Amino acid sequence: MNVDVQAKMGKTRLRLWLKLLKTSNAVETALRDRLRTEFGTTLPRFDVMAALARSPEALKMSELSRRLRVSNGNVTGIVDRLEAEG
């Protein structure tokens, strides 16, 4: 493949990647806003509750952390706040 063609393809791929990233960020921002305004919660809290709802059995904090791909400390803080709020 010609060097010019490869360079153009690389630029096209980069532009596509940046557009996808921008779109993804816009969707996440809209979701965070809607969770906050309509349900009074945050995306991390929703993620924790959704993971718990999907699991047929109780989850240990370490397993919840693994499934959400966040640190044990993050999960502990979120769960503690959820529990304190009932």
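Good morning, colleagues. Please keep in mind throughout that this is a predicted model.

I begin with helix 1, which runs over residues 3-39. At 1.5 Å a residue, its 37 residues should span 54 Å, and the end C-alpha atoms lie 53 Å apart, so the two values agree. L20 belongs to this helix. Together with L14, L16, W17, L18 and L21, L20 makes a nonpolar surface patch of about 630 Å². E38 counts as partly exposed, because its relative accessibility is 46%. After helix 1 comes G40, which has a positive phi, near 60 degrees.

Which residues form the largest nonpolar core? There are six of them: V48, A51, L59, L64, V75 and I78. Helix 2 and helix 4, the latter covering 72-84, each supply at least two residues of this core. I78 is in contact with P44, R45 and V48, leaving aside neighbours within four places in sequence.

R45 deserves a word of its own. This residue lies in helix 2, residues 43-54. Is R45 buried or exposed? With a relative accessible area of 13%, it falls under the 20% limit and is therefore buried. Beyond residues up to four places away in sequence, R45 touches I78, R81, L82 and E85.

E63 meets R66 in one, at 2.7 Å from N to O, and R67 in another, at 2.8 Å. R66 lies three residues from E63 in helix 3, while R67 lies four residues from E63 in that helix; each spacing is about one turn. E63 is partly exposed at 21% relative accessibility, R67 is partly exposed at 38%, and R66 is exposed at 55%. E57 joins E63, R66 and R67 in a network of salt bridges. The count of salt bridges comes to seven.

Most residues other than glycine have a negative phi. R69, although not a glycine, has a positive phi of about 60 degrees. At 77% relative accessibility, R69 counts as exposed.

Thank you for your attention.

Conventions. Residues are numbered from 1 along each chain as its sequence is written. This is a predicted model: local features need pLDDT of at least 70, side-chain atom pairs count only at pLDDT 80 or more; totals for chains, interfaces and linings use all residues. Side-chain values use heavy atoms; hydrogens and water are left out. Patches are made of residues with over 30% relative accessible area and no salt bridge: like charges are joined within 9 Å, nonpolar side chains (Val, Leu, Ile, Met, Phe, Trp, Tyr) within 5 Å. Accessible areas come from the Shrake-Rupley method with a 1.4 Å probe; for residues, only the protein chains shown count as cover. A salt bridge is a side-chain nitrogen of Lys or Arg within 4 Å of a carboxyl oxygen of Asp or Glu. The expected span of a helix is 1.5 Å times one less than its number of residues. Buried means under 20% relative accessible area, exposed over 50%, partly exposed in between (1.4 Å probe, protein chains only). Contact means heavy atoms within 4.5 Å. A nonpolar core is a set of buried Ala, Val, Leu, Ile, Met, Phe, Trp, Tyr and Cys residues joined through side-chain atoms within 4.5 Å.
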